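Q: Please take a close look at one part of this model and describe how its side chains pair and pack.

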Amino acid sequence: MRLFINILLLTMLSACSSMQNSNTEGEYRYVPITEALKKLSDEEVAIRLRTASLTCENDMLKVYVPSRTVDPEGWENGQRERRRYFSNCLELKGFERKWIPLSVIKKEKRKDDRELTSEELLKKPRYL
């Protein structure tokens, strides 16, 4: 009887959790917050963001995290501290983590996929 009740509860919980819709209607992105970075071209901002994130990842590894098998709670705290260090490091380098809705992402994609006019083709460099 106890086994039957456990199976019934497990089935109900899994059914309820599968009915919830996931909140994937956007994504987090790092965007520039300083005026100097905002004035740069998109390619330069991407290069600066990549350099900053690699530097912050390397510095983040210096944060001490105990072994998961020895101290599970300390491991969780260490991982949390690493994530906090990474976001603070990128903010010091001029980037902020922002939630971008899916509608804005789709608009950007449509803008990038559109046909270029002849004037825009002349301004665009031929070799990248």
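A: Arg84 and Glu81 form a salt bridge, with their closest N and O atoms 3.2 Å apart (a Lys or Arg side-chain nitrogen within 4 Å of an Asp or Glu carboxyl oxygen). The model is predicted, so local features need pLDDT of at least 70 and side-chain atom pairs pLDDT 80 or more, while totals for chains, interfaces and linings use all residues. Numbering runs from 1 along each chain as its sequence is written, and side-chain values use heavy atoms, without hydrogens or water.

Arg84 and Glu81 lie three residues apart in helix α4, which means about one helical turn separates them (helices are DSSP runs of H or I, at least four residues, numbered from the N terminus). Glu81 is partly exposed, at 36% relative accessible area (buried is under 20%, exposed over 50%, partly exposed in between; 1.4 Å probe, protein chains only).

Helix α4 also packs on α3, at an angle of about 145° and with the axes 9 Å apart (lines fitted to C-alpha atoms over the stretch in contact; angles from 0 to 180 degrees between N-to-C directions). From α4, Arg82, Tyr85, Phe86, Cys89 and Leu90 take part in the contact; the α3 side includes Asp59 and Met60 (contact is heavy atoms within 4.5 Å).

Asp59 also has a salt bridge to Lys62, with the closest N and O atoms 3.8 Å apart. Asp59 is partly exposed at 25%, whereas Lys62 is exposed at 68%.

Phe86, Cys89 and Leu90 belong to the largest nonpolar core, which has nine residues (buried Ala, Val, Leu, Ile, Met, Phe, Trp, Tyr and Cys joined through side-chain atoms within 4.5 Å). Helices α3 (42-60) and α4 (72-92) each supply at least two core residues; the largest share, four, comes from α3.
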